[in-house]
Amino acid sequence: MRIAILDDYFDTLRSLPCFAKLAGHEVTLFNDHVQDEATLAARLAEAEVLVLIRERTKISAGLLARLPKLRLISQRSVYPHIDVPACTHQGVILSSSQHPGTPSYATAEFTWGLVLAAMRAIPQQMASLQAGNWQCGVGHTLRGKTLGIHGYGRIGREVAGYGRAFGMNVLVWAREATRERARAEGWETAESQASFYATCDVISLQMRLVDATRGVVTAADLAAMKPSALLVNTSRAPLIAPGALVAALQAGRPGMAAVDVFENEPMRDTSHPLLTMPNVVATPHLGYVTRDEYEIQFTEIFDQILAYAAGAPINVINPEVLKA
């Protein structure tokens, strides 16, 4: 089969052990990012299988209509960037493992790295030293403070454990069923979303982006946070109401933010407020970007391709296409 892989920025995949699974197939890797529909259509004209790295490229109905040879899209996790009804209409199978019970340890670790970086102003202190200066401010200790986990899923559970290891009080807010699970696992839960945001010293957003969670963090939530508090987002930018985070930071509540995700990615606008504000630590969506995590993810992605080649597709999101 002819397999195309998009957005492998650092030409990493061919060096992974799992890449051997594609032996015998014609594989083309693209190391740059392109969203232009005509360019993508030309690149993918001969592709029978398309491999996506998370949500780096949007797969629209218009693009799919220009790819008559495409039969399978193989990726992992959620798929808000893919027009699933258009896939079905075009006879394209979407296989996407939802990896139940398997957290991204890489993202959880990176989340904690951002917490430490922001609370101790590590990037700012580095910049000061590199500029020929010495200390540029005073940071905050974590022990004894309250860590809030908004959305207690697989990654949130790991981040909560890191908070406990650092001597923090951990508070959870999520849907009622999720709060019940958190309480059963020994965590304290908040009485309301309003009290959660007003109480916590550090809040980490740990939710998937679906219709129900889009804009779930409101301007009022952010305005209720302490001037000394930190908001961390390693999940998805649209979990926060549009424009609300920048406005809140400008108003001083919360006092700090650490973000790994943006409304539009790749983010290359150097004038974006989140890249210019001194109270923000911003990184280019690095949470899951480790060789170890890639090996886990692409083992599943390539296994989906092998299953399709064997005539028994797995993790099919649009099973109705199989009946056509």
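Reader: Which side chain does R76 make a polar contact with?

Author: That's E300, at 2.9 Å; a polar contact is a pair of N or O atoms within 3.5 Å, and within protein one must be able to donate a hydrogen and the other to accept it, with residues adjacent in sequence counting only if both atoms are side-chain atoms. Bear in mind that this is a predicted model, where local features need pLDDT of at least 70, side-chain atom pairs count only at pLDDT 80 or more, and totals for chains, interfaces and linings use all residues. Residues are numbered from 1 along each chain as its sequence is written, and side-chain values use heavy atoms, leaving out hydrogens and water.

Reader: OK, is R76 buried or exposed?

Author: R76 counts as buried because its relative accessibility is 3%; buried means under 20% relative accessible area, exposed over 50%, partly exposed in between, with a 1.4 Å probe and protein chains only.

Reader: And what's R76 in contact with?

Author: Leaving aside neighbours within four places in sequence, its contacts (heavy atoms within 4.5 Å) include R54, H99, E293 and E300.

Reader: Switching to E295, which helix is that in?

Author: E295 lies in α12, residues 291-309; helices are DSSP runs of H or I, at least four residues, strands are runs of E, at least two, and both are numbered from the N terminus. E295 is partly exposed, at 21%.

Reader: What does E295 touch?

Author: L16, P17 and C18, not counting residues up to four places away in sequence.

Reader: Which residues are buried in α10?

Author: In α10, residues 244-251, the buried ones are A244, L245, V246, A248 and L249. Just after α10, G252 has a positive phi of about 90 degrees.
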